[in-house]
Amino acid sequence: MKAVLCTRLGGPDDLVLADLPDPVAGAGEAVVSIKAVGLNFYDTLIIAGKYQTKPPLPFSPGGEFAGVIDSVGAGVTAFAPGDRVLGYTGFGAARQCAAVPVDKLVRLAADLDLDRAAGLNITYGTTYHALRDRAALKSGETLAVLGASGGVGLAAVELGKQMGARVIACASSDDKLAFARAHGAHEGVNYAKEDLKDALNRLGGEHGIDVIYDPVGGPLSEAALRTIAWQGRFLVVGFASGEIPRLPLNLMLLKGCDVRGVNWGAFVRQNPTDYRAGLDQLTRWCAQGKLSCHIHAVYPLAEIAAALKALTNRTAMGKVIVRP
Ligand SMILES: NC(=O)c1ccc[n+]([C@@H]2O[C@H](COP(=O)([O-])OP(=O)(O)OC[C@H]3O[C@@H](n4cnc5c(N)ncnc54)[C@H](OP(=O)(O)O)[C@@H]3O)[C@@H](O)[C@H]2O)c1
């Protein structure tokens with residue numbers, strides 16, 4: 001089978017396409033024929049050795065996937081060959097087949113194509129956890145989403161709208177804002193052209209912004225936090241800008257607001273039952289057309305470098321998928 005391997009830390013062009021022996025399912029495992037892999041911004045970090053998870057070399061990038069079970073190992077009764085599944089393994093999916101512990105797999109009950117299923121787990125899972133469990137977003141509240149056309153950003157626009165919020169998309173181009181509006185955002189702020197604080201103050205009015213969803217970091221974080229409502233919630237999701245901001249504590253005092261961390265990987269480990277129930281809900285909504293799981297582009301396995309560059313050069317809108 002073909003596998004993309006990170007044999008030395010570096011950029012997308014340092015990855016190699018290799019031939020490996022077909023895997024065999026051990027006890028408690030299933031061999032999955034991987035049909036689609038969802039790429040995430042953190043894949044660009046993990047291959048550079050800049051992510052909190054540092055797998056031993058060589059490893060395959062790609063933390064989420066959808067596929068079909070080929071065979072199962074001893075003791076596995078919950079899955080059978082032919083089952084359509086999606087999975088979250090953190091890394092290791094950019095290959096044609098993988099032996100996966102079955103507790104990392106969820107049967108794909110809904111009638112959903114495997115490309116969209118592959119890109120749903122991390123982005124929508126993170127965002128559902130963030131808006132529901134961390135922010136307790138309520139219908140009628142105002143939600144500002146930074147990086148609103150990216151993977152998790154688009155998920156926040158769509159889930160925020162579905163939860164009844166007024167959604168303000170914030171992004172770096174008018175095309176990205178038009179895309180976010182087409183997916184449910186009510187208003188848009190182009191932070192490459194307009195000062196983010198001024199724009200959110202204008203749109204938030206005297207009340208301010210109830211919930212801020214921030215996967216970007218850098219100077220935009222403080223600019224957005226300064227517009228938050230009394231008892232608002234600021235969600236720390238990620239730092240795609242490459243800069244982890246430092247926020248002045250006087251703002252939390254003055255606004256009586258909360259800065260709340262979102263750590264989806266830890267949530268999955270701590271609350272596996274909630275994770276699975278949430279994923280079932282998200283796949284059903286996606287199959288019913290309530291969530292788009294919009295795919296920016298699908299790349300063959302051999303072109304994974306180009307796929308990762310669509311994330312680093314900020315051109316991707318929605319999910320980037322690799323099809324082994
Ligand atoms: N906390 C968690 O559990 C969790 C889970 C999933 C993801 N994350 C994090 O969330 C962030 C976004 O992940 P993603 O997979 O959604 O990424 P993505 O699809 O690449 O989207 C990132 C967005 O960030 C903005 N951005 C600003 N500066 C950028 C830069 N220098 N390079 C790339 N993008 C830049 C871009 O929007 P504009 O061009 O409009 O600014 C882009 O659309 C990452 O930091 C990731 O690690 C965290």
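User: Why is aspartate 258 called partly exposed?

Analyst: In this predicted model, aspartate 258 has a relative accessibility of 33%, and since buried means under 20% and exposed over 50%, with partly exposed in between, aspartate 258 counts as partly exposed.

User: What makes the pair of aspartate 258 and arginine 260 a salt bridge?

Analyst: The closest N and O atoms of aspartate 258 and arginine 260 are 2.5 Å apart, and because a salt bridge asks for a side-chain nitrogen of Lys or Arg within 4 Å of a carboxyl oxygen of Asp or Glu, the pair is counted as one. The structure holds 15 salt bridges.

User: How do you know that aspartate 83 and arginine 107 form a salt bridge, and what does the pair tie together?

Analyst: Their closest N and O atoms lie 3.2 Å apart, which is to be set against the limit of 4 Å.

User: Why are arginine 233 and glutamate 141 said to tie together parts of the chain?

Analyst: Arginine 233 forms a salt bridge with glutamate 141, the closest N and O atoms being 2.7 Å apart. Because arginine 233 lies in strand S12 (residues 228-236) and glutamate 141 in the loop between helix H3 (121-134) and strand S8 (142-146), the two connect parts that are 92 residues apart in sequence. Lys138 is linked with Glu141 and Arg233 in a network of salt bridges.

User: Are arginine 233 and glutamate 141 buried or exposed?

Analyst: Buried means under 20% relative accessible area; arginine 233 has 6% and so counts as buried, and glutamate 141, with 10%, is buried too.

User: Why is no salt bridge assigned to aspartate 210, and what does its side chain reach?

Analyst: Aspartate 210, found in strand S11 (residues 209-214), is buried, and the nearest side chain of opposite charge, that of arginine 233, is 5.1 Å away; because a salt bridge requires the nitrogen and oxygen to be within 4 Å, aspartate 210 has none. The side chain of aspartate 210 does reach the backbone nitrogen of threonine 142, at 2.8 Å. Leaving aside neighbours within four places in sequence, the residues in contact with aspartate 210 include Glu141, Thr142 and Arg233.

User: What makes alanine 27 exposed, and where is it found?

Analyst: Exposed means over 50% relative accessible area, and alanine 27, at 64%, therefore counts as exposed. Alanine 27 is found in the loop between strand S2 (16-19) and strand S3 (29-39).

User: How do you know that the chain is as compact as a globular protein of its length?

Analyst: The chain has eleven helices and 15 strands. Its radius of gyration is 20 Å, close to the 20 Å that the globule rule gives for 324 residues, so the chain is as compact as a globular protein of that length. Along its principal axes the C-alpha trace spans about 60 × 40 × 35 Å, and buried residues make up 54% of the 324 residues.

Note on methods:
Residues numbered from 1 in each chain as written. Predicted model: local features only at pLDDT ≥ 70, side-chain atom pairs only at ≥ 80, totals over all residues. Heavy atoms only, no water. Helix = DSSP H or I, 4+ residues; strand = E, 2+ residues; numbered from the N terminus. Buried < 20%, exposed > 50% of the residue type's maximum accessible area, 1.4 Å probe, protein only. Lys, Arg positive; Asp, Glu negative; His and termini not counted. Polar contact = N/O pair within 3.5 Å; in protein donor to acceptor, adjacent residues only side chain to side chain. Contact = heavy atoms within 4.5 Å. Rg over C-alpha atoms; globule rule 2.2 N^0.38 Å.
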